[in-house]
Each structure stands twice: as C-alpha cells, then as structure tokens.
Amino acid sequence: DLYSSTLFVLITLGPVLKPGDILIFDEMSSYLGEFRAFSNFLEAFPIKYEVMGSACEYAQIALKVV
C-alpha cells in the first residue's frame with residue numbers, strides 16, 4: 001500500500017506486461033500511495049489499459065492491459 005513498494009512492483013513488471021494482463025489495486029483512492037505510483041509508472045511505461053471493474057468509488061480497481 002506504500003508508494004515505494006507499489007512503484008517498485010510496477011516498474012519490475014513493466015517490461016513484461018502484455019495485452020490481457022490484469023492489474024488489481026486495493027487502495028487506488030489514496031493519492032499518495034497506489035494512485036501516485038501508477039501515475040508515475042505510466043510516465044515511464046505508457047501502457048494502454050481499460051478499467052474492468054471497480055468498487056468503493058474506485059478505491060479497489062481492476063485494470064486490463066490492452
């Protein structure tokens with residue numbers, strides 16, 4: 001749930017992500033945590049994705065790499 005650990009995992013996975021892969025976040029609504037890490041990740045790895053589903057006003061979210 002920390003920014004640094006989320007960013008580390010995303011950057012590690014970035015080079016191997018492919019269409020059809022699914023990313024699940026459980027606390028995306030926190031700007032200082034997962035949301036910020038995902039935003040920074042997209043700057044380095046501009047992947048295309050679509051929202052598959054969400055709950056609790058986008059706090060929990062599933063994204064599919066397209």
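Y58 sits in the loop that runs between β2 and β3; helices (DSSP H or I runs of at least four residues) and strands (E runs of at least two) are numbered from the N terminus. The structure is a predicted model, in which local features need pLDDT of at least 70 and side-chain atom pairs pLDDT 80 or more, while totals for chains, interfaces and linings use all residues. Residue numbers start from 1 along each chain as its sequence is written, and side-chain values use heavy atoms, without hydrogens or water.

The phi angle of Y58 is positive, at about 70°, although Y58 is not a glycine. With 48% relative accessibility, Y58 counts as partly exposed, where buried means under 20% relative accessible area, exposed over 50%, and partly exposed in between (1.4 Å probe, protein chains only). E57 is found in this loop as well, between β2 (49–55) and β3. E57 also has a positive phi, of about 55°, and is likewise not a glycine. Its relative accessibility of 77% means that E57 counts as exposed. For context, most residues other than glycine have a negative phi.

**Overall layout**

The chain holds two helices and three strands, in the order α-β-α-β-β along the sequence. Its C-alpha atoms fill a box of roughly 30 × 25 × 15 Å along the principal axes. The radius of gyration is 11 Å, which agrees with the value near 11 Å for a compact globule of 66 residues; this radius is taken over C-alpha atoms, and the globule rule is 2.2 Å times the number of residues to the power 0.38.

Buried residues account for 30% of the 66 residues. The chain exposes about 4,300 Å², and carbon and sulfur atoms supply 62% of that area; areas come from the Shrake-Rupley method with a 1.4 Å probe, and for residues only the protein chains shown count as cover. Among contacts (heavy atoms within 4.5 Å) between residues at least 6 apart in sequence, 57% join residues at least 24 apart.

**Nonpolar core and L63**

A nonpolar core is a set of buried Ala, Val, Leu, Ile, Met, Phe, Trp, Tyr and Cys residues joined through side-chain atoms within 4.5 Å. The largest one has 13 residues, of which L10, L23, F25, F38, F41, I47 and L63 touch the most other members. Two or more residues of this core come from each of α1, β1 (22–25), α2 (31–44) and β3 (60–65).

L63 belongs to strand β3 and counts as buried because its relative accessibility is 3%. Leaving aside neighbours within four places in sequence, L63 is in contact with D21, I22, L23, F25, F38, Y49, E50, V51 and M52.

G20 is placed in the loop between α1 and β1 and, at 38% relative accessibility, counts as partly exposed. Beyond four places in sequence, G20 is in contact with K64 and V65. S30 lies in the loop between β1 and α2; with 34% relative accessibility, S30 counts as partly exposed. Apart from neighbours within four places in sequence, the contacts of S30 are F35 and R36.

| Pair | Separation in sequence | C-alpha to C-alpha distance |
|---|---|---|
| S30 and G20 | 10 residues | 26 Å |
| L63 and M28 | 35 residues | 11 Å |
| G20 and V65 | 45 residues | 5.4 Å |

One salt bridge is found in a search of the whole structure, the term meaning a side-chain nitrogen of Lys or Arg within 4 Å of a carboxyl oxygen of Asp or Glu. It pairs D21 with K18, and the closest N and O atoms are 3.2 Å apart. K18 counts as partly exposed at 47% relative accessibility. D21 is also one of the residues that L63 touches.

**Nonpolar surface patch**

On the surface, F8, V9, L13 and V16 form a nonpolar patch with about 380 Å² of accessible area together. Patches take residues with over 30% relative accessible area and no salt bridge, joining like charges within 9 Å and nonpolar side chains (Val, Leu, Ile, Met, Phe, Trp, Tyr) within 5 Å. L13 counts as partly exposed, with a relative accessibility of 34%.
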